[in-house]
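Hello,

Here is the structure I said I would pass on. My notes on it follow below.

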Amino acid sequence: MNGSDSDKITMSLYNIVNEYIRQNELRDMVLQFVNYQSEKGFPFGELLVLHYHIFSGADTEEIYAIAAAVELLILSFDILDDFEDEDTKDKPWSTESKLALNATTALLFISIKVIKNTSFKNKNKILDILEDLALQSINGQHKDLLNICKTESEYIEMSIEKSGSLVALACLAGAVLARNDYPVEIDSYSKYIGLIGQINNDLMDIKNWNGKNDLLHKKYSLPIIFLLNCGDKEIQFIHNYYQNKVNKSEIIKNQELINQKLVETGAIIYTEVIKTIYQNKTMNEIQQLDIEQRYLEKLLKYIF
């Protein structure tokens, strides 16, 4: 997405926080969170604006307010996710957890209020989409927290619910604002985009021994599920760790062996293949629509 759209979303975020939050310390805290989030970019808001343009939405600056509102919702979910996963280290919301959680509540209600206060005739449809897909994401997040998805199909279904629903929320909102409805293909490919993003995160996490590492936290992800089912006796200690028969030190001292086995067993290649399958599925859905080449090129950046 071009810099001007990103800049407009950022400016809308600052304007919204300054307008809707009167308490000085709360406002300063939320602005700090927004600044931190801006370092990663605002892909959900950008996808919303992109889909608004794809379907020839009328020229209005209010679309950036909607995009910012969705980003505030996503930020609230990210903060809650970090607290639930005990992954707040080095995050600005780690220092004052009670205050951060209160700020998160504010973000949820502000995002809804902003949408209600726009002049879009079909803004209630956006709120319906937001409610439905946010709840789907929460259902997926709960499955993830329970750590019950131990097969490929279960994990993919959970990831589509948890991550795919939020991407779909952004894409569908942009389309509906432009044309009052949406092609069903958007629902499919946007959820696949969320899954692809989750798989990319899984591949990064499994190699990250200095920060968040799914294996150290006894979490299940596609490469870990494959590794646990490959039948390699040299990594029986991983099974023992997941069954609480050995402690974390056994994993830490075998980092090199684990990294080696992730490659040797095909766990990494397997995960990359699954990602490629869903990249192809995404493209098949997108090709059902008549999207201008300039917009298609922007959309592909979220897939490959």
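Contact here means heavy atoms within 4.5 Å. The model is a predicted one.

In those terms, K219 touches D144, L145, N147, D214, I224 and Y242, leaving aside residues up to four places away in sequence. K219 sits in the loop between α8 (184-206) and α9 (222-228). Its relative accessibility is 16%, so K219 counts as buried, the limit being under 20%.

Salt bridges: the whole structure has 17 of them. K261 pairs with E234, with the closest N and O atoms 2.8 Å apart. This pair links distant parts of the chain, 27 residues apart: K261 is in helix α12 (residues 255-264) and E234 in the loop between α9 and α10 (236-242). K261 is buried, at 3% relative accessible area. Through shared partners, salt bridges also join D81, D144, K162 and K219 into one network.

Within helix α8, K191 and D187 lie 4 residues apart, about one turn of the helix, and form a salt bridge with a closest N and O separation of 3.5 Å. K191 is buried at 15%, whereas D187 is partly exposed at 22%. D181 and R179 form another salt bridge, at 2.6 Å; D181 is partly exposed at 36%, and R179 is partly exposed at 38%.

Helix packing: the axes of α2 (residues 24-38) and α5 (residues 97-116) come within 10 Å and cross at roughly 80°, so the two helices are roughly perpendicular. L26, M29, V30 and F33 of α2 meet L99, A100, A103 and L107 of α5.

Surface: I269, V273 and I277 make a nonpolar patch of about 260 Å². V273 belongs to helix α13 (residues 267-286) and is partly exposed, at 43%.

Regards

Terms used: Residues are numbered from 1 along each chain as its sequence is written. This is a predicted model: local features need pLDDT of at least 70, side-chain atom pairs count only at pLDDT 80 or more; totals for chains, interfaces and linings use all residues. Side-chain values use heavy atoms; hydrogens and water are left out. Buried means under 20% relative accessible area, exposed over 50%, partly exposed in between (1.4 Å probe, protein chains only). Patches are made of residues with over 30% relative accessible area and no salt bridge: like charges are joined within 9 Å, nonpolar side chains (Val, Leu, Ile, Met, Phe, Trp, Tyr) within 5 Å. Accessible areas come from the Shrake-Rupley method with a 1.4 Å probe; for residues, only the protein chains shown count as cover. A salt bridge is a side-chain nitrogen of Lys or Arg within 4 Å of a carboxyl oxygen of Asp or Glu. Axes are lines fitted to C-alpha atoms, for helices over the stretch in contact, and angles run from 0 to 180 degrees between N-to-C directions. Angles under 35 degrees count as roughly parallel, over 145 as roughly antiparallel, 65 to 115 as roughly perpendicular and the rest as oblique.
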